[in-house]
Amino acid sequence: MPHNSPNRLSRRGLLTAGGVAAFGALLTACGGSGGSSSSAKEGDGGSWSFTDDRKKKVTAKSAPKRIVAFTGTAAALVDFGLDKEIVGVFGETKDKDGKAVPQAGDLNVDKVTVLGNAWGEFSIEKYAALRPELLVTHMFNEGALWYVPDESKDKILGLAPSAAIRTARVPMTEPIRRYAELAESLGADLKAKKVTDAKARFEAAAETLRKAAKASGGLKVMAASASPDLLYVSNPKSNSDLMYFAELGVDLIVPEKLDEGGYFEGLSWENAGKYKADLILLDNRDGQLQPKALADKPAWAELPAVKANQITPWDSVPRFSYAGAAPLLENLAKAIQDAKKVS
């Protein structure tokens, strides 16, 4: 995960006095009280259960049918075979033209309620109105629910049980496996052709990347995110996709002076040339500077990989499913095959 980690981004306050009142009214209408609905479900010995990566056992009388999830999480669950169960999402979902962002995958964004389309946005009123039975999201930092705002977390979690899947400091195959397990517990058929075909494509892509890395002659790869003031060099020992790429033999640069969370090193543009890379994986999310916007920065233009035009897009918060991850492996393998040593 790059530099917009939870402990570095400011969050907007979501609840005005009127918002609190509206939330209370909706909560009453839903027949709950802040904080009690989740514990009631978890303590009733229901026939559905799932232990998430917080080691928290979530139970219900039957498999939840009204699921709200971070958009990338929802898309992964759709890849594993869920569909109508996804009733709401939060996180970047639609672009300025109202079209689905890449992270949404095959999720039909016009058939779900979007609770917030940016970091810090999460409408509790809309969430309560959905009558949610389960909230699902990533967990990058221990116990932290990705894109669930800290300042309103307790109210949000009071409405329904939640499940979090670890997406950092483990290779990408682990959250893929865990999301598959969760989807199966919720009724998905992991033996469906759509799922098995995606898994076969993923495994073939992994082998292609392994061979490309081995044949590259020690090609140095740097994963980075660019802002107006800093170049963030990401740590392959924390970011799950980079960790898996490294396991497959990709020679990724490991930054030396990491942030508190251990995800990246922020370099001023004066020091952007600290690490010499042959190929740059550049964070392609909205809000991160792309090559065209970086063209005016002399320090960027002087990087060996930039001079050689060896830059490839990087989905820094990947979709943790076989269908979501396979293209990432394929694209990186091709970028490595097409690159040459220049540093």
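Start by selecting R169 and Y263: the charged end of R169 sits over the ring of Y263, 4.9 Å from its centre. (A charge counts as over a ring if NZ of Lys or CZ of Arg is within 6 Å of the ring centre and within 35 degrees of the ring normal.) Before you go on, keep in mind that this is a predicted model, where local features need pLDDT of at least 70 and side-chain atom pairs count only at pLDDT 80 or more, while totals for chains, interfaces and linings use all residues. Residues are numbered from 1 along each chain as its sequence is written, and side-chain values use heavy atoms, with hydrogens and water left out.

**Aromatic rings**

Next, colour Phe, Tyr and Trp. Their rings (the six-membered one for Trp) pair if the centres lie within 6.5 Å; planes under 30 degrees apart count as stacked, over 60 as edge-to-face and the rest as tilted. That rule gives 13 aromatic pairs. Zoom in on W119 and W146: their ring centres are 5.1 Å apart and the planes are at 65°, so this pair is edge-to-face. W119 lies in the loop between β5 (113-116) and α4 (124-129), and W146 in the loop between β6 (134-139) and α5 (153-157), so the pair ties together parts that are 27 residues apart in sequence. (Helices, H or I with at least four residues, and strands, E with at least two, are DSSP runs numbered from the N terminus.)

Are these two buried or exposed? W119 counts as buried at 14% relative accessibility, and W146 is buried too, at 2%. (Buried means under 20% relative accessible area, exposed over 50%, and partly exposed in between, with a 1.4 Å probe and protein chains only.)

Now jump to F202 and Y244, whose ring centres are 5.9 Å apart with planes at 10°, so they are stacked. F202 belongs to helix α7 (residues 193-215) and Y244 to helix α8 (residues 240-247), 42 residues apart. Both F202 and Y244 are buried.

Stay on α8 for a moment. Six of its eight residues are buried, so α8 is largely enclosed by the rest of the structure. Just after α8, click on G249, which takes a positive phi of about 105°.

**The sheet**

Switch to a cartoon view and find the open sheet of five strands, in the order β5-β4-β3-β6-β7, with parallel pairing. (Two strands pair if DSSP finds at least two bridges between them.) What stands at the edges? There you'll find β5 and β7 (162-166), each with a single partner strand, so one side of each is left without a neighbour in the sheet.

Look at β3 (residues 67-70) and β4 (residues 86-90): four bridges join these parallel strands. One to pick out is I67, whose bridge partner in β4 is I86. Helix α3 (residues 71-79) packs on the sheet, touching β3, β4 and β6. (Contact means heavy atoms within 4.5 Å.)

**Last stop: M222**

Finish with M222, in strand β8 (residues 220-226). At 2% relative accessibility, M222 counts as buried.

Now zoom out. The chain has twelve helices and 13 strands, and 53% of its 343 residues count as buried.

Notes:
Pairing = 2+ DSSP bridges. Axes fitted to C-alpha atoms, helices over the stretch in contact; angles between N-to-C directions.
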